[in-house]
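Q: Could you walk me through a few spots in this model? I'd like to go residue by residue.

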Amino acid sequence: MTKLLPALDDVFHALGDVTRRAVLERLARGPTSVSELAAPFSMALPSFVQHLTVLERSGLITSTKEGRVRTCRIKPKQLQRAETWLTDHRAMWATRLDQLDDYVLRLKKGKKP
């Protein structure tokens with residue numbers, strides 16, 4: 001089966017690493033070459049490129065090559081999917097916690113649930 005849109009699991013996996021989050025923060029300011037992105041990190045370029053590969057497979061970034069320079073850009077659509085998922089689950093848990101709070105208050109007042 002061909003993936004048309006990377007899975008949300010891939011997005012959260014990509015976001016689960018501090019280096020990849022730092023790359024996304026930098027790309028939020030605009031497109032950047034791989035060498036510029038790699039400069040602040042103390043790792044070999046092949047290791048850094050592996051992080052970019054994870055970000056690209058997750059749909060969070062895209063890259064293009066012009067001559068010898070590969071430039072990366074952020075793709076916000078996948079971040080929006082993750083944000084939607086988090087927002088929906090935050091609302092569900094807020095409702096559940098409110099219900100639990102009501103239940104505990106009723107127990108404290110000696111009322112049966």
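Q: Which residues is leucine 52 in contact with, leaving aside its neighbours within four places in sequence?
A: Leucine 52 is in contact with Val23, Val34, Leu37, Ile61 and Cys72, where contact means heavy atoms within 4.5 Å. This is a predicted model, in which local features need pLDDT of at least 70, side-chain atom pairs count only at pLDDT 80 or more, and totals for chains, interfaces and linings use all residues. Residues are numbered from 1 along each chain as its sequence is written, and side-chain values use heavy atoms, with hydrogens and water left out.

Q: How far apart are leucine 52 and valine 23 in sequence and in space?
A: They are 29 residues apart in sequence and 8.3 Å apart in space, taken from C-alpha to C-alpha.

Q: And is leucine 52 buried or exposed?
A: Leucine 52, which lies in helix H4, has 5% relative accessibility and therefore counts as buried (buried is under 20% relative accessible area, exposed over 50%, partly exposed in between, with a 1.4 Å probe and protein chains only). Helices here are DSSP runs of H or I with at least four residues, numbered from the N terminus.

Q: Switching to H1, which of its residues are buried?
A: In helix H1 (residues 8–15) the buried residues are Leu8, Val11 and Ala14. Seen down the axis of H1, they fall within an arc of 120 degrees, so they line one face of the helix; the arc is that of the directions from the helix axis to the C-beta atoms.

Q: What's on the other side of H1?
A: Asp9 and His13 are exposed there.

Q: What covers the buried residues of H1?
A: The cover includes helix H2 (18–27), helix H4 (45–57) and helix H5 (76–108).

Notes. Helices (H or I, at least four residues) and strands (E, at least two) are DSSP runs, numbered from the N terminus.
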